[in-house]
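Here are a few notes to read alongside the model.

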Amino acid sequence: MHHAAAEPMKVRDSGMPNEAPWDSLFDVDLILERLDIDASLVDVAELGCGYGTFSLPVAERISGTLHTCDIDAAMVARTNERVVHAGLANVVVECRDVVTREFGLLPASQHGCLLFNILHYADPAVLLRSAARCLRPGGRLFAIHWRHDPATPRGPSLQMRPRPEQVMAWAAESEVLDLVSEVLDLPPWHYGLVFARAGAPDEDLGERPAEGLR
Ligand SMILES: C[S@@+](CC[C@H](N)C(=O)[O-])C[C@H]1O[C@@H](n2cnc3c(N)ncnc32)[C@H](O)[C@@H]1O
């Protein structure tokens with residue numbers, strides 16, 4: 001199942017470099033392995049698909065559906081194209097501004113949420129709170145970002161990019177995200193953090209949304 005947004009597409013340029021150079025900046029398999037992103041995760045949400053660099057490999061690993069979105073319609077179109085080409089049936093791609101409209105997913109419905117290379121944008125604490133809201137108790141929030149290192153070949157300016165301690169402080173503001181990893185080294189250029197939504201996994205045994213509902 002994959003579709004573009006049913007709502008008006010916003011036109012906003014993500015400012016991303018071209019696709020091939022962007023994709024070459026990551027060892028995607030290593031990153032997903034070190035974060036333990038695997039079939040134990042059922043449904044997962046992603047904020048900011050970009051070119052789908054992580055969306056497709058994540059969808060291939062998890063056992064449920066990946067809901068992803070981007071504020072930039074061109075990124076949504078490109079990710080959809082890659083999803084179709086790969087023949088993946090468990091990805092939903094939507095044009096959405098998560099700052100103003102959240103994820104559009106039922107509260108406490110997701111087993112994981114990806115915030116990859118996104119926490120230098122405005123309102124990171126708001127993004128983390130929105131992510132926490134859509135996670136089930138015990139669900140995992142995965143954040144990766146550029147290392148605070150002038151040698152990195154791309155990435156936002158050093159002033160803008162958050163250090164791990166800053167991400168931890170924003171997560172603490174949500175009052176429901178507990179750090180459950182060390183600062184993970186994701187060579188060549190990134191670090192990662194994993195948080196768990198407070199509460200026991202069996203605290204929320206609500207039924208999964210019916211087909212078509214999110
Ligand atoms: C630096 S890119 C990272 C893309 C992808 N997560 C990755 O790591 O390859 C950030 C993406 O987030 C999108 N974005 C920024 N603000 C957003 C928002 N408020 N809602 C949804 N997407 C947003 C941008 O358009 C861009 O495609």
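1. Let me start at Glu 33, which counts as exposed because its relative accessibility is 51% (exposed means over 50% relative accessible area, buried under 20%, partly exposed in between, with a 1.4 Å probe and protein chains only). Glu 33 sits in helix 2; helices here are DSSP runs of H or I with at least four residues, strands are E runs of at least two, and both are numbered from the N terminus. A pair to look at is Glu 33 and Leu 186: they are 153 residues apart along the chain, yet their C-alpha atoms are separated by 9.9 Å.

2. A word on the basis of all this. The model is predicted, so local features need pLDDT of at least 70 and side-chain atom pairs count only at pLDDT 80 or more, while totals for chains, interfaces and linings use all residues. Residues are numbered from 1 along each chain as its sequence is written, and side-chain values use heavy atoms, with hydrogens and water left out.

3. Now the overall picture. The protein chain has seven helices and eight strands, and 52% of its 214 residues are buried. Taking contacts (heavy atoms within 4.5 Å) between residues at least 6 apart in sequence, 71% join residues at least 24 apart. The accessible surface, by the Shrake-Rupley method with a 1.4 Å probe and, for residues, only the protein chains shown as cover, comes to about 9,900 Å², and carbon and sulfur atoms account for 53% of it.

4. The largest nonpolar core holds 35 residues, and Ile 31, Leu 35, Ile 37, Phe 54, Val 58 and Phe 116 have the most contacts inside it. A nonpolar core is a set of buried Ala, Val, Leu, Ile, Met, Phe, Trp, Tyr and Cys residues joined through side-chain atoms within 4.5 Å. Among the elements that give two or more residues to this core are helix 2 (28-34), helix 3 (55-61), helix 4 (73-86), strand 4 (110-116) and strand 5 (135-146). There is also a second, separate core of 26 residues, including Ala 45, Cys 69, Ala 132 and Ala 171.

5. Which residues does Leu 35 touch, leaving aside its neighbours within four places in sequence? They are Phe 116, Phe 142, Ile 144, Leu 184 and Val 194.

6. At Gly 48, a polar backbone atom is 2.7 Å from a nitrogen atom of the ligand. The ligand taken alone exposes 600 Å², and the protein buries 96% of that.

7. Asp 97, in the loop between strand 3 and helix 5 (98-101), counts as buried because its relative accessibility is 11%. Its side chain makes a polar contact with the side chain of Thr 100 (3.4 Å); a polar contact is a pair of N or O atoms within 3.5 Å, where within protein one must be able to donate a hydrogen and the other to accept it, and residues adjacent in sequence count only if both atoms are side-chain atoms. Glu 19, in helix 1 (residues 19-23), counts as buried at 19% relative accessibility. The side chain of Glu 19 makes a polar contact with that of Arg 78 (2.6 Å), and beyond its neighbours within four places in sequence, Glu 19 is in contact with Tyr 51, Arg 78 and Arg 82.

8. Finally, helices 6 and 7. Helix 6 is mostly covered, with eight of its eleven residues buried. In helix 7 (residues 164-174), the buried residues are Pro 164, Val 167, Trp 170, Ala 171 and Ser 174. Why are they on the same side of helix 7? Because they cover an arc of only 125 degrees around the axis, taken from the directions from the helix axis to the C-beta atoms. Their cover includes helix 6 (124-134), strand 5, strand 6 (177-179) and strand 8 (190-197). Glu 175 follows helix 7, and its phi is positive, near 65 degrees.
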